[in-house]
Amino acid sequence: IVSRNIIYNSLRNSDETETLGAGAISVSLSPHVIVENNIIDVSYIYGIVSDYSFGSCFVDNTISNTRKSAMYFINMNDVAVRGNVFRKMTAVAIKGYFESTSLPYIQEQMVSDRYKNIETGNNFVISGNKFYTDSDVLFFTGNRENIFKKYPGNLIKNNIFEKNTIIGSNKKPEELVFFRNAVSGSNKIKNNTVLK
């Protein structure tokens with residue numbers, strides 16, 4: 001559990017060569033982690049970074065003034081992102097990049113066999129968050145099959161973006177939320193509110 005921290009001015013001296021996640025809060029290879037009720041103000045890279053932390057929850061955090069995304073998820077499934085407040089991000093508020101864990105470089109990192117040889121970028125529920133931005137709020141991408149490298153690809157699916165409030169945009173939620181390299185029709189954007 002990562003809870004009730006107040007973090008200001010993180011990663012100020014970063015040269016962006018970190019081998020760990022470049023977030024004010026970073027969790028890696030940590031299934032079922034709970035990151036809740038934290039305040040992050042001014043990160044020179046990301047607010048929260050999480051990779052391979054399957055089944056985790058990111059709840060009631062306030063993140064503002066990030067040079068990149070407020071949250072960045074890498075190669076995870078079954079994640080809840082609820083009740084967070086996002087302000088003043090230079091990049092998309094929530095970013096995700098997802099590959100199959102069958103890739104050799106990922107296999108080398110995995111301690112448990114439980115998460116080997118699976119697709120990622122599935123079953124995220126992003127709900128009840130507030131986004132103060134006029135830019136894109138979510139960009140998740142999987143990747144395509146590569147027969148030359150014998151890579152099966154990783155199409156993301158079954159993600160839900162619902163009951164969120166976007167403040168300061170003139171666009172519809174469907175124009176601010178993107179799922180790329182995804183199973184057609186499997187990701188849902190519904191019941192969100194935009195306030196100008």
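**Figure 1. Contacts around D136 in the predicted model.** This model is predicted, not experimental. Leaving aside neighbours within four places in sequence, D136 is in contact with V92, A93, E175, L176 and F178. D136 belongs to the loop between strand 14 (130-132) and strand 15. Its relative accessible area is 29%, so D136 is classed as partly exposed. D136 and N159 are 23 residues apart in sequence. In space, their C-alpha atoms are 17 Å apart.

**Figure 2. The ring pair F140 and F179.** The structure holds 11 aromatic pairs. In the pair shown here, F140 and F179 have ring centres 6.1 Å apart. Their planes stand at 80°, over the 60 degrees cut-off, so the pair counts as edge-to-face. F140 sits in strand 15 (residues 138-141). F179 sits in strand 18 (residues 177-180).

**Figure 3. The aromatic cluster.** Which residues do ring pairs link into a cluster? They are F58, F73, F98, F124, F140 and F179.

**Figure 4. Charged side chains over tyrosine rings.** In one, R87 lies over the face of Y132. The distance from R87 to the ring centre of Y132 is 4.3 Å. In the other, the charged end of K95 sits over the ring of Y72. Here the distance to the ring centre is 4.5 Å.

**Figure 5. Parallel pairing through strand 8.** Strand 8 (residues 62-66) pairs with strand 5 (residues 39-43). The two run in the parallel sense, over four bridges. Within this pairing, D41 stands opposite S64 of strand 8. Strand 8 is also joined to strand 11 (residues 85-89). That pairing is parallel and has four bridges. T66 stands opposite M89 in strand 11.

Figure 6. Phi of K88 is near 55°, a positive value in a residue other than glycine. K88 is found in strand 11. At 60% relative accessibility, K88 counts as exposed. Phi of K163 is likewise near 55°, and K163 is not glycine either. Where does K163 lie? K163 is in the loop between strand 16 (160-162) and strand 17 (165-167). K163 is exposed, with a relative accessible area of 56%.

**Figure 7. The whole chain, for orientation.** The secondary structure comes to one helix and 20 strands. The radius of gyration is 16 Å, close to the 16 Å that the globule rule gives for 196 residues, so the protein is as compact as a globular protein of that length. Along its principal axes, the C-alpha trace spans about 45 × 40 × 30 Å. Buried residues make up 46% of the 196 residues. Consider contacts between residues at least 6 apart in sequence: 62% of them join residues at least 24 apart. The protein exposes about 9,800 Å². Carbon and sulfur atoms supply 49% of that area.

Terms used: Residues numbered from 1 in each chain as written. Predicted model: local features only at pLDDT ≥ 70, side-chain atom pairs only at ≥ 80, totals over all residues. Heavy atoms only, no water. Phe/Tyr/Trp six-rings, centres within 6.5 Å; stacked < 30°, edge-to-face > 60°. Lys NZ or Arg CZ within 6 Å of the ring centre and 35° of its normal. Pairing = 2+ DSSP bridges. Buried < 20%, exposed > 50% of the residue type's maximum accessible area, 1.4 Å probe, protein only. Contact = heavy atoms within 4.5 Å. Rg over C-alpha atoms; globule rule 2.2 N^0.38 Å. Areas by Shrake-Rupley, 256 points an atom, 1.4 Å probe, with all protein chains shown as cover.
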